[in-house]
Each structure stands twice: as C-alpha cells, then as structure tokens.
Amino acid sequence: MPSQLHGKRIVVTQAAHQADELAGLLRSLGAEPLLYPCIAMVPPEDIAVLDDALRAAAAGAFHWLVVTSANTVVMLSQRLAALGLPADSLVPIRTAAVGASTAEAAERLLAVTVDVVPDEQVAEALAEALARLLRPGERVFLPQSDIARSILAERLAGTGAGVTHVAAYRTVPGSGGVDLLPRLAAGQVDAIVLTSSSTARNLVQRLQAEGGDLSLLAGVCIACIGPVTAKAARDAGLTVTVVAEEHSLEGLLEALIHDFDTP
C-alpha cells in the first residue's frame, strides 16, 4: 500500500481484544493508532442456551454452522473448552462465514473447513449464497451477537431450513484507551475507523458520556468498513467520509488511503 497514512493519527474503536490487527496494519503504514474501545464482548446472560446448542452440534444435530463474526468464533471455541469438548467438535458440519477474516478464525480455532464465503461481506449476501445450497428440513446452527440483525435468521428460515438462532455473546459499551476528548479538541485526530454498527453507535454514546459532543468531530474523517456500518453511523448523527468497497480491514485502509490521497 502507499504511505499516505504516514503520520496520521487514527482512532481504532474495536474491542480491546480485537484491536491488535488493525493497529498493527496502521503502524506498518506509518500511522499512529489511538485505541479507544467503544465495544466489549461478554458472555450471554443465559450461557446454558449456547452450551446446549453446542452440545447438540457436537453430537451431529446440525447440517450447517453459520458464523457472522470472529467474536462468535472465539466464544464458540471458549465454550467448547469449558464444556470439555474437543476444539474440532464441529468439523463434520458444513460451515459458512460472512467474510474472509471470520472464515480464517473459524478454520484456525474450530478446525472446520469453510464451504461458503460470499463476495460481499454482509448478512444479505451470505443468506443469498446459502439459499442456493440449503435444502428444506436441513438444520442450521446460527450463533450471533445479541444485537445482530434478524435478517439472516429470517431468510435462512424462509428456505425451509430449521434454524437454531442463539446469542453467542453480548455487545456492551467499551472503556479505557486514550483520553480522546482533549485530542479531538486540539485537532490531533485525523480519522476514526468504524468496523461495526455497534462501534458507530457506541462511539457517539461514549463521547457524550465523557462530556463531548459531535462538534468535536468536525474535520475528522469517519471511515466505515461497509454500508451497514455507514448507515448506523449516519443514523447516530455522524458524517461519514469513507465507506470501504471491500468490507475488510485491508479494504477499509485502502479506502482511507484513497481519501487522504484525494485533493
């Protein structure tokens, strides 16, 4: 990639456990990542529902596993270990993932072979890809965030498949990281990158909870990983500057580089 990000100060809003990859990519391009977690992941309130579904999956109750985030994969891996089940318990199940990074996490942590990854990394594209493969009566295990959109579960159920849709984790507001408000007030932030709808919504909530307002973001590039995140950002009152065409961290950085390179 070109070095148009050299010296740029870029806020990373991902959960603390997620931020290393994006921060590393930014450093490799000469940028200064400013970690400001706007979300955190915690287990669902009723972990027994997820555990029961995992035991059923390990026993062969499902034809398909569908994962829509690396966070889901991490939680499945952790719960398999907590239940005393082998890490590769889900290997016999055909697997679909929403994007390349989620697929990589599933193959690394669950040892599965991912059969389906749509070209566009959104739930609608994943549903369309699976609709061509699912047969009526097949059973689908769909673990997601507690605040995930319902569209994927609805469209998969519309194929005649039996969908077990459970909460794999809860998304809660993040904390810690840099003291962002003084940096914004001093004009020391060049961009803020948003990688999910929840990071967009919680960025606004966290700024306001800490005594700031959206006027501090004037002149700051707001970069979103895809159209769903961009819509959530606009709905939260943010002015979106960049929307990545390729919905990945690399695609997001390419879009950001292009924006900084455009007069």
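How many disulfides does a search of the whole structure find? The search finds zero, a disulfide being a pair of cysteine sulfur atoms within 2.5 Å. This is a predicted model, in which local features need pLDDT of at least 70 and side-chain atom pairs count only at pLDDT 80 or more, while totals for chains, interfaces and linings use all residues. Residues are numbered from 1 along each chain as its sequence is written, and side-chain values use heavy atoms, with hydrogens and water left out.

Select cysteine 221 and cysteine 224: the sulfur of cysteine 221 has its closest cysteine sulfur in cysteine 224, 9.0 Å away, which is too far for a bond. Cysteine 221 counts as buried at 5% relative accessibility (buried means under 20% relative accessible area, with a 1.4 Å probe and protein chains only), and cysteine 224 counts as buried at 0%.

Next, select the open sheet of six strands, which runs in the order β3-β8-β7-β4-β5-β6 with mixed pairing; strands are DSSP runs of E, at least two residues long, numbered from the N terminus, and two of them pair if DSSP finds at least two bridges between them. Its edge strands, each pairing on one side only, are β3 (39–42) and β6 (114–116).

Zoom in on β3 and strand β8 (residues 162–173), which pair in the antiparallel sense over four bridges. Here valine 42 stands opposite arginine 170 in β8. Strands of a sheet pair through backbone hydrogen bonds, either parallel or antiparallel.

Definitions and conventions
Buried means under 20% relative accessible area, exposed over 50%, partly exposed in between (1.4 Å probe, protein chains only).
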